[in-house]
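Dear colleague,

Please find the structure below, handed over for your own work. My findings follow directly after it.

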Amino acid sequence: MPSLNDVVQRHTDLSEADLDWLHALIADWQLLADLSFADLVLWVPDRDGDGYRAVAQMRPTTGPTAYVEDLVGTYLVKGRRPLIDTAYTEGRIRREGDPEWWDDVPVRVEAIPVRHEGQVIAVIGRHTNLIAVRTPSRLELSYLECGSQLATLITEGRFPHSTRTDMGRRGAPRVGDGLIRLDADGVAVYASPNAVSAYRRLGLAADLVGEHLGKATATLAPPPGARDEPLEDVLGGKQHVRTEIEGNGAVMTLRIIPLDPGGQHVGALALCRDVTEVRRRERELLTKDATIREIHHRVKNNLQTVAALLRLQARRIASPQGRAALDEAVRRVGSIAIVHETLSQTVDDTVAFDDVADRLLAMVSEVAATTSDVRATREGTFGILGAETATPLAMTLTEVLQNAVEHGLDRRGGAVLLTAERSDGRLLVTVEDDGVGLPAGFDAATTGNLGLQIVRTLVVGELAGTLDIGPRGGGGTRVVLDLPVVVPAPS
């Protein structure tokens, strides 16, 4: 199915500013669909002027849909729907007298021109399923009145509002969450049952209808700090506002949409939603995230303490073999500490492993600098890894890099190259040195070296990968790790 951008750029003469306007409209037109109890289809004119293309569709959450199938991608020849043609050329809302029949369903059709910077750039087809028509309730009449005024604002180029006041999709109020109709003075003339319930949770004891919304809200939920404008003015209905109110242990999001068809302010539409549970869960998640980060931080500190104790013990051992063994243990503990330090700085359980790999290379180079000149570099990228992969991989690289420096290179030094290649759910890691190469008769599967035993256990056992150690072309040693990796799910 083609995207809005593809269709507009390939088949129309609309500008980038027009495209941005259509994106803003689509992001907010669920409001019109719900107020109208109708399906919406957005038609853009073809470049050659012979027809229109459907680029977006929205179904109402407040009533039955008129079209079960998707119309996006449909091409409409000019003249087939005169209502669309007339709305586009005349720039005014057009309504069909008799309903259409679609799969035995009567559908009332309307066409709403979309205006931007004085020009009609598209037409919204509004299609209402009439199969369950009955005498409308006061709620439905209020919805339809607001929907009609909102359609007029779209035709005049006054909606969507250009000011960036959006507070994000999470918790944004919708029509079904609670609707309040304000008059020109900001007084509530109608409030849906859900809106009344939301204000009851804020502590409202009186009837919301007949109250000035801004003053009533300011009394129930006084602002925690200073505002640029008093809350009663902000919620007076004369400016676009999206804000969050907290009081009486409840949290509510509130959105104000002024209604000023023809430039005359006739009132406003207020949407509200009780988001107390949403905010409570978000706070719990923030608390858990902070706790997890603190745990990783403390684990890192404890590992560094263990490394310091091992280092202190190594200085007191006279045996060179004993000191070497403790030094290796210090490096192994240090590689795990690096992973936990990285985890303590993120909000999820993932690691940007390139930074870890670079720190491991630097650590190995510093150890070797006392005896030889080692140039350790990295090519490619590891990407984002989960903690369950990052920890054993860090230990594995520590062992492989250390072996390359201590056993692969002689006292003159040399180069160690770490390469990472990630694709199709696999991670290919290569460590190469230009040193003396493997000893005669070397067999990685049977060697008793503790470091290689650790590497085999981690790569095969924990990471479910494969390990290959062999000579490098041109001299030196080449170690290849082939590991399966899963892209961590976003938290």
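Three aromatic pairs are counted, taking rings of Phe, Tyr and Trp (its six-membered ring) whose centres lie within 6.5 Å, with planes under 30 degrees apart classed as stacked, over 60 as edge-to-face and the rest as tilted. One of them, Phe37 with Tyr143, is stacked, at 5.7 Å centre to centre and 20° between the planes. Phe37 sits in the loop between α3 (30-36) and β1 (39-45) and Tyr143 in helix α5, so the pair links parts that are 106 residues apart in sequence. Helices (H or I, at least four residues) and strands (E, at least two) are DSSP runs, numbered from the N terminus. Phe37 is buried at 15% relative accessibility, and Tyr143 at 5% relative accessible area; buried means under 20%, exposed over 50% and partly exposed in between (1.4 Å probe, protein chains only).

This is a predicted model, in which local features need pLDDT of at least 70 and side-chain atom pairs pLDDT 80 or more, while totals for chains, interfaces and linings use all residues. Residues are numbered from 1 along each chain as its sequence is written, and side-chain values use heavy atoms, without hydrogens and water.

Kind regards
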